[in-house]
Amino acid sequence: MEKPVRLQKFLAHAGVASRRKCEKIIEERRVQVDGKTVSAMGVKVTPGKERVTVDGKEIGGAEEHVYILLNKPKGYVTTVADPQGRPIVTSFLQNVKERVFPVGRLDLDTEGALLLTNDGELTQAILHPSNEVYKTYEALVKGHPKSTDLRSLEMGVMVEEQKTAPAKVLLVKKTQQNAIVQITIHEGRKRQVKKMFQAIGHPVLSLKRLAYGNLGLGNLRLGKYRFLTKNDINLIFSNKILYKQKDS
Ligand code: URA
């Protein structure tokens, strides 16, 4: 028999959300243990013993793991419930009975690749900084960044008093006023890509995530999703940079 763990830790391990967010979910009275609503923090559960639900759906039971890649459109919040009532990313999922959660976040106005799963361990593995999982973005930025600007992005720029880790950057195309730049990073600070381009004086006008590691969107259309195979999952960790087109 497994050891009892705090409810918020149990929920976080099951992939519901970060531990802090899980505490909030408990406070919001959305969690039940064996049919009783729990809103206090000290409660412990033993994995496999009690029946734990969030918003009425069972967590951490014998449920099979599912892995989904969604091409998120702009205007959707990366959450499974929004107190402000804005459109949520899970509204695209038809016939998915498992309770899946987004792996990381995309801003409301960012589109592109978003993984959803009920596999808490995989979520932690992707999000844990030590695993350095690459994410590739395509940014439409204001103006024409010089090659020295792009080089600074690659070397690291100051974002909130902390230098960003080395990145891969590729100028894809210049339009009359703006430029399209691909950037691959492995950190996951909030609004990181936007802040990085802000730091070089070329604010992001539009942002799209193209890939997690080597798992790209392919021809998945906006608002569509597909179930992932083990092979797809392996691509996330294969740590080669998908969209790099030239040697630097
Ligand atoms: N970086 C950002 O600035 N926004 C996102 O949505 C993702 C990465």
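Q: Which residues are around the ligand?

A: The model is a predicted one. A residue is counted as near a molecule if one of its heavy atoms lies within 4 Å of it. Here the residues around the ligand are L106, D107, T110, Y137, R191, Q192, V193, K194 and L207. By class, 4 are nonpolar, 2 are polar and 3 are charged.

Q: Which helix gives the most to the shell around the ligand?

A: That is helix α5, residues 192–199, which supplies 3 residues.

Q: Which atoms of the protein lie 2.9 Å, 3.5 Å and 3.0 Å from an oxygen atom of the ligand?

A: A polar contact is a pair of N or O atoms within 3.5 Å. In the side chain of T110, an N or O atom is 2.9 Å from a ligand oxygen. The backbone takes part as well: an N or O atom of Q192 lies 3.5 Å from an oxygen of the ligand, and one of K194 lies 3.0 Å from a ligand oxygen. Taken alone, the ligand exposes 240 Å², of which the protein buries 95%.

Q: Into which domains is the protein divided, and which of them give at least three residues each to the shell?

A: The division is into domain 1 (5–59), domain 2 (67–129 + 217–236) and domain 3 (133–212). The shell around the ligand draws at least three residues from each of domain 2 and domain 3.

Q: How much area do domain 1 and domain 2 bury between them?

A: The size of an interface is often given as the accessible area lost when the parts come together. Domain 1 and domain 2 bury about 740 Å² between them, 50% of it on carbon and sulfur atoms. In this interface, 10 residues of domain 1 are in contact with 9 residues of domain 2. The C-alpha centres of these two domains lie 21 Å apart.

Methods:
Residues are numbered from 1 along each chain as its sequence is written. This is a predicted model: local features need pLDDT of at least 70, side-chain atom pairs count only at pLDDT 80 or more; totals for chains, interfaces and linings use all residues. Side-chain values use heavy atoms; hydrogens and water are left out. A polar contact is a pair of N or O atoms within 3.5 Å; within protein, one must be able to donate a hydrogen and the other to accept it, and residues adjacent in sequence count only if both atoms are side-chain atoms. Accessible areas come from the Shrake-Rupley method with a 1.4 Å probe; for residues, only the protein chains shown count as cover. Helices (H or I, at least four residues) and strands (E, at least two) are DSSP runs, numbered from the N terminus. Ala, Val, Leu, Ile, Met, Phe, Trp, Tyr, Cys and Pro count as nonpolar, Asp, Glu, Lys and Arg as charged, and the others, Gly among them, as polar. Domain bounds come from an automatic or database domain assignment. Contact means heavy atoms within 4.5 Å. Buried area is the accessible area (1.4 Å probe) that two parts lose on being put together, summed over both.
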